[in-house]
Amino acid sequence: MKKIILFISFFLFNIFMLGQEKIYTSQEVDSLPRFKGNYILYLSQNIEIKPKTDSIDYYNMCGSGYTLLKFIVNKEGKVSNIEINPCPDAIKKCSNLEEVFLKSEWYPAIKNGEKVNSYYITKIYDLFMEY
């Protein structure tokens with residue numbers, strides 16, 4: 001009975017692991033993901049920054065002057081699993097920030113000549129500055 005349970009557990013574990021593709025870090029790939037097109041132009045044309053209000057001081061709320069984004073670029077060049085740091089409140093200032101990155105198109109990372117899933121980290125500066 002123990003052998004049957006062990007076999008079934010091993011079998012289910014292998015099925016689960018086959019469905020999970022590795023997500024590589026920047027140190028593990030030969031070339032990082034790259035944005036298709038002009039990254040700065042794309043962001044400046046698509047991020048909607050809400051006007052400053054007296055009730056919310058976004059810059060002091062976050063304190064850094066930049067927003068750090070970490071996300072996955074998959075083999076097809078699509079973005080998923082976006083994390084916004086150090087200021088998750090960036091969403092309050094830029095309501096479409098996550099949507100802009102989800103719609104963006106990238107060239108995927110390359111490892112050993114193959115397209116792979118990988119993490120990508122980028123900073124967006126001056127998100128909270130008023131001009």
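Which side chain makes a polar contact with the side chain of T122? Keep that in mind as we walk through this predicted model.

**Stop 1: colour by confidence.** The mean pLDDT of the protein is 76, with 60% of its residues reaching 70 or more. Select helix α1, residues 2–18: among the elements of the protein, this helix has the lowest mean pLDDT, 49. Over residues 11–18 pLDDT stays under 50, and the model has zero contacts beyond four places in sequence for this stretch. Now jump to strand β6, residues 109–111, which has the highest mean pLDDT of the elements, 97.

**Stop 2: strand β3.** Select residues 66–73 together with residues 79–85, which are strand β4. The two strands run antiparallel and are joined by five bridges.

**Stop 3: T122.** Stay in β7 and select T122. This residue counts as buried because its relative accessibility is 11%, under the 20% cut-off. Show what surrounds T122: leaving aside neighbours within four places in sequence, its contacts are Y39, T67, L68, L69, F71 and F101. Finally, display the side chain of Y39, and there is the partner we were looking for: its polar contact with the T122 side chain spans 3.1 Å.

Note on methods: Residues numbered from 1 in each chain as written. Predicted model: local features only at pLDDT ≥ 70, side-chain atom pairs only at ≥ 80, totals over all residues. Heavy atoms only, no water. Pairing = 2+ DSSP bridges. Helix = DSSP H or I, 4+ residues; strand = E, 2+ residues; numbered from the N terminus. Buried < 20%, exposed > 50% of the residue type's maximum accessible area, 1.4 Å probe, protein only. Polar contact = N/O pair within 3.5 Å; in protein donor to acceptor, adjacent residues only side chain to side chain. Contact = heavy atoms within 4.5 Å. pLDDT = per-residue confidence, 0-100.
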